[in-house]
Amino acid sequence: MTTKHSAYELEQKRLDETIDLIDKEVDWITEEIKDPTDDYVKQIVNAGLAKTLTYLTQSRLKPYFGRVDFMKDETYDTDSVYIGKRGVVSSDTMDSIVVDWRAPVASLYYSGESKDAFYRTPQGIVRGEVKLKRNFAIEEGKITGIYDGAVKETINREMSDPDDFLDEGYIDEFLSASLDQTNDSRLKDIVATIQSEQNDIIRAEKDRPILVQGVAGSGKTTIALHRLSYLIYNYQDSLASKRFMVFAPNRLFLTYISEVLPELGVEDVQQSTFMDWAAKLVKPLMNKGWRILDPNKPLQLFFEEGENREAQRREARHRMHLKGSLACKATLDAYLADLIETQINYKRLSFIYSRTKHVFAIDGSEIKKLFMEHYANLPFRERLVQLRKHLKQQLNKMVYAHLRELKVDLDKQALAKFEKNIDTILDKYFAAWPTLDVFSVYTGLFASQELLEKFAPVELENRAEVLADTARTSAEIFAAERIETEDLAPLLYLQHALEGMSQAGSFDHAVVDEAQDLSALEILIVSLATKRNSVTIVGDIAQGIHAYRGLHSWDELMKGVYAGSSVQFYKLEQSYRSTVEIMTCANEVLAKIDIPDLFLAKPVLRHGTKPLYQHSEKAADEAGAVIQHATKLADEGFRSIAIVAKSMEQCKKLHKQIKAGLPEAVLLSSKDTEFPEGIVVMPAYMTKGLQFDAVILVGADTENYGRNEEDAKLLYVAMTRPVHRLVVLSAKNGLTELLQTAQVYMEQVTEQEV
Ligand SMILES: Nc1ncnc2c1ncn2[C@@H]1O[C@H](COP(=O)(O)OP(=O)(O)OP(=O)(O)O)[C@@H](O)[C@H]1O
C-alpha cells in the first residue's frame with residue numbers, strides 16, 4: 001500500500017517537484033516584500049503576498065492530500081488534478097500546481113460519481129469520467145501512504161444498494177486511517193476526507209435555506225464551517241466573511257469551534273449565541289430599569305432537583321413553548337391587525353383654502369384602504385411614512401389643480417408656505433394615531449389572558465390551559481420588570497412588524513448549529529436577519545434536550561418557517577466520532593423511548609474497547625471510582641477527559657469530592673468561555689456539541705435518568721461525546737432502565753479490576 005504502491009516513485013517525484021516549486025515561490029515572495037513601501041497599492045499587494053507566504057511555508061512539506069484524474073467528454077483529454085487545502089500557482093507559468101479544495105473542479109474528488117461525473121463552473125457544467133481518485137498520506141515531504149480506494153468504492157456502491165454499504169458501516173481505507181490517527185479531540189478541518197453526502201451540503205446552493213438532520217458525530221458542525229469556507233472562496237465578490245454569522249448553543253462551544261476557523265480561512269466570521277445576539281437588539285426596546293432574566297434559571301428548574309416543582313415546570317413549559325412557536329407569530333400578527341383595524345380612527349382628511357373657501361378632502365375609507373391593503377407588506381412605521389408621503393402628494397396635486405383652474409399663479413414663497421401648511425395638517429392628522437410601541441404592545445398582550453384568548457390560533461393544542469398559564473406567569477415576570485430569554489424572539493418579530501428589524505438582512509450567510517435547541521420563531525428571526533434566506537441550519541432532533549423549548553420536528557421549519565421557499569433538507573446517518581462499541585450502547589438508550597422521526601446513528605467501522613460499567617453500592621464510593629478511572633485514562637495518554645454528571649449541583653458536589661485525588665480537574669459552568677484541555681467536570685446539558693477523548697458518566701442511575709424522552713436524550717448526548725472511551729458509573733438503586741439493554745455491550749468492572 002505505501003512504498004510498495006506501483007505509483008510510489010512517480011508520486012514521490014511529483015511531490016519533490018512541487019516542494020521545489022513552492023520553495024522558489026517562497027524565495028521570490030520573501031524578496032518581493034522584504035522592503036517596507038509607502039506605495040498604498042503595493043502595501044495591499046504585499047499583504048496578500050505575505051498571507052500566501054505564510055501558507056506556503058506552513059504547507060510546503062504537505063502541499064496536497066489527493067489527486068483526481070478526469071477525462072473530459074468533450075476532448076477525451078485526461079487531466080491530473082492535485083488537491084490541497086489551498087491552491088498553489090506557479091508564478092512563472094501560471095499553471096495550477098495544486099488546486100484549492102473549494103475550487104469547482106475539486107468537487108470531483110469528493111462526489112461519489114466515477115462515470116458520468118461533472119462539475120459546475122461559472123461557464124457551465126463540465127462532464128466526463130473520473131479515472132482515478134487517489135489519497136496521499138504525507139509526512140515531512142515523504143509519501144507514507146497511497147490509497148486508491150475511492151473509485152473502487154464508487155463502483156462497489158453502484159453495483160449494490162448504497163444503503164447496504166451504510167448498514168455495514170462501510171468506510172474507505174484512507175478515512176479509516178485518518179480517524180485512527182485522531183488522538184486530539186479538538187475540532188479540525190476534514191478537507192482530505194469529506195464524504196460525498198457531506199460534500200453535497202458544503203457545496204449546496206447559496207441562496208436557499210439548507211436544513212441538515214445529522215446524527216451525533218455526523219460532522220454537522222464541521223461541515224457547516226467548511227461550507228462557510230467554501231462560500232467565501234467561491235463568492236468573494238458578493239460575500240464578506242465578516243458578515244457571516246455562526247449561532248451556537250453556548251460560549252464554551254464558540255471557543256471550541258473558533259479554533260478551526262483560521263484553518264479554514266474564515267477567522268473573521270461573527271459568532272454568538274442566539275440569546276446574546278438577540279438580547280443586544282432587544283435592550284434598546286425595553287423600558288428603563290427592566291432586565292432580562294438569567295437564561296440558566298430554566299435549565300436549573302428543569303434539570304435540578306427540587307420539590308413541588310412539577311406545577312412550576314408545567315407552567316414554564318407551556319409559556320416557553322408558546323413563545324417560541326409559530327402560533328406566537330400568528331397571535332402577534334392577529335393582534336397587530338386588530339390594533340390597526342380598531343385603534344386607528346381613519347377619519348376624513350380635509351382642509352379649507354381660506355382664499356377661495358374650497359374644501360380639499362380625502363375620504364377615510366380611501367386612507368384605510370391604502371394603509372391596510374396597499375402598504376400591508378411594510379412594517380407599521382414604514383407604512384406611516386409611505387402613507388403620509390402619498391397623502392401629501394395627493395393634497396398637493398389637488399391644490400395645484402385648483403389653482404390652475406382659478407388661474408392663480410403663486411410665487412415660490414407662497415407655494416412653500418402652502419406646503420408647510422399641508423405638513424401641519426398632516427402632523428395633526430397623524431397625531432391622533434396610536435404610536436404602537438413594541439415593548440408595551442408585547443407585554444400588554446402576553447400578560448392578558450383575555451387578549452391571548454382572543455388572538456391565539458384556535459387550533460393551539462391544550463389551548464385554554466396554555467394561554468392561562470402563559471398570561472399568569474408572564475404577568476408575574478413583567479410585574480418584576482423582567483423579561484425572559486423566550487421573550488426575545490417575539491419582541492424582535494414585533495419590531496420587524498412594527499418598525500422593521502434593525503438587523504434585517506444584515507448577514508450574508510448564517511449558520512445555526514444545534515438548531516434543535518432553538519425555537520421555530522428564533523430560527524425565523526435568524527432568517528429575517530439574513531439576506532436571501534441564505535442559512536445553513538444543522539441539528540439533531542434526538543439531541544433536543546429541552547422539552548420546554550426548541551424544535552421537536554423538522555416539519556416546524558419545512559412546513560412552517562420555510563413553507564413556500566426553496567428549502568433543501570439533508571439527512572446524515574453516518575457517525576464519525578465514537579467507536580462502534582460506544583455508539584451501540586448510545587443507540588440502545590434511544591431505542592427505549594418512542595421518538596417520532598428518530599434517526600439512529602450508524603457508526604463508521606472504527607472499533608475500540610467496550611464501554612466500562614461500574615456500580616458502587618454507596619454513593620460516596622462513586623467519587624473514588626471517578627478518581628480511579630480518570631487517573632487511569634490520563635495514564636493511558638488521553639488528553640481530554642470529561643466527567644459528566646446530570647446537574648450543575650451534582651457537578652459542584654463531585655468536584656469537591658474528587659479535588660484531593662484529581663487536583664487538575666476543572667469545574668466548568670455555562671459562564672466559562674475557555675475550554676481547557678485535561679480533565680473537566682461539567683453537567684450533561686453543557687456537553688452538547690463538544691467532544692472528548694474519554695467521558696466518565698457519573699450517576700447513571702434510576703434516580704437521575706428516568707424512562708422519559710427528556711432524560712433519554714440527555715443521556716444520549718453525554719454518551720455520544722467520547723471519541724475513544726466511555727465509562728459509566730452508577731450508585732444507589734442501580735443502573736437506569738434506559739441502559740438496561742445497553743449493559744450487555746458494556747464490560748462490567750469492580751473497583752479491584754480497574
Ligand atoms: N468526513 C470526515 N472525515 C474525518 N472526520 C470526520 C468527518 N466527518 C466528521 N468527522 C469527525 O467527526 C467528529 C464529529 O464531528 P462534529 O462535531 O462536526 O459532528 P456533529 O454532527 O456536529 O456532532 P454532534 O451533533 O454530536 O455534536 C469530529 O471529530 C469530526 O472531525
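In these exercises, helices (H or I, at least four residues) and strands (E, at least two) are DSSP runs, numbered from the N terminus. The model is predicted: local features need pLDDT of at least 70, side-chain atom pairs count only at pLDDT 80 or more, and totals for chains, interfaces and linings use all residues. Residues are numbered from 1 along each chain as its sequence is written.

**Exercise 1. Backbone angles in two loops**

Determine where lysine 357 and asparagine 533 lie, and whether each is buried, partly exposed or exposed.

Solution. 
- Step 1: Lysine 357 belongs to the loop between strand E12 (349-353) and strand E13 (358-362). Although lysine 357 is not a glycine, its phi is positive, about 65°.
- Step 2: A residue is buried if 20 or more other C-beta atoms lie within 10 Å of its own, exposed if 12 or fewer, and partly exposed in between, with C-beta atoms placed from the backbone. Lysine 357 has 7 other C-beta atoms within 10 Å and is therefore exposed.
- Step 3: Asparagine 533 is located in the loop between H21 and strand E16 (535-539). Its phi is also positive, near 55°, in a residue other than glycine.
- Step 4: Because asparagine 533 has 17 C-beta neighbours inside 10 Å, it counts as partly exposed.

**Exercise 2. The chain as a whole**

Describe the domain division and the overall dimensions of the protein chain.

Solution. 
- Step 1: An automatic or database domain assignment supplies the domain bounds. The chain is divided into domain 1 (7-180), domain 2 (196-280 + 502-575), domain 3 (345-432) and domain 4 (592-748).
- Step 2: Between the C-alpha centres of domain 2 and domain 3 the distance is 47 Å. The C-alpha trace of the chain spans about 105 × 75 × 55 Å along its principal axes.
- Step 3: The chain contains 26 helices and 26 strands, and 41% of its 754 residues count as buried.
- Step 4: Two residues are in contact if their C-beta atoms, placed from the backbone, lie within 7 Å. Of the contacts with a separation of 6 or more, 74% involve residues 24 or more positions apart.

**Exercise 3. The surroundings of the ligand**

Characterise the shell around the ligand, then examine alanine 216 and glycine 219.

Solution. 
- Step 1: A residue is near a molecule or strand if its C-beta atom, placed from the backbone, lies within 6 Å of it.
- Step 2: For the composition, Ala, Val, Leu, Ile, Met, Phe, Trp, Tyr, Cys and Pro count as nonpolar, Asp, Glu, Lys and Arg as charged, and the others, Gly among them, as polar. The shell comprises six nonpolar, 14 polar and four charged residues.
- Step 3: At least two shell residues come from each of helix H6 (173-180) and helix H8 (220-234).
- Step 4: Alanine 216 occupies the loop between strand E8 (210-214) and H8. With 26 C-beta neighbours inside 10 Å, alanine 216 counts as buried. Beyond residues within four places in sequence, its contacts are Asp540, Gln543, Ser575, Ala601 and Thr720.
- Step 5: Glycine 219 is likewise in the loop between E8 and H8, and its 25 C-beta neighbours inside 10 Å make it buried. Apart from residues up to four places away in sequence, glycine 219 touches Ile190, Gln198, Gly214, Leu572 and Tyr576.

**Exercise 4. A parallel sheet and an enclosed helix**

Solution. 
- Step 1: Two strands pair if DSSP finds at least two bridges between them.
- Step 2: Strand E20 (residues 612-615) pairs with E25 in the parallel sense over four bridges, and leucine 612 has valine 727 as its bridge partner in E25.
- Step 3: Strand E24 (residues 692-697) runs parallel to E25 and is joined to it by five bridges; here valine 695 is partnered by leucine 726.
- Step 4: The buried residues of H21 are Ala520, Leu521, Glu522, Ile523, Leu524, Ile525, Val526 and Ser527.
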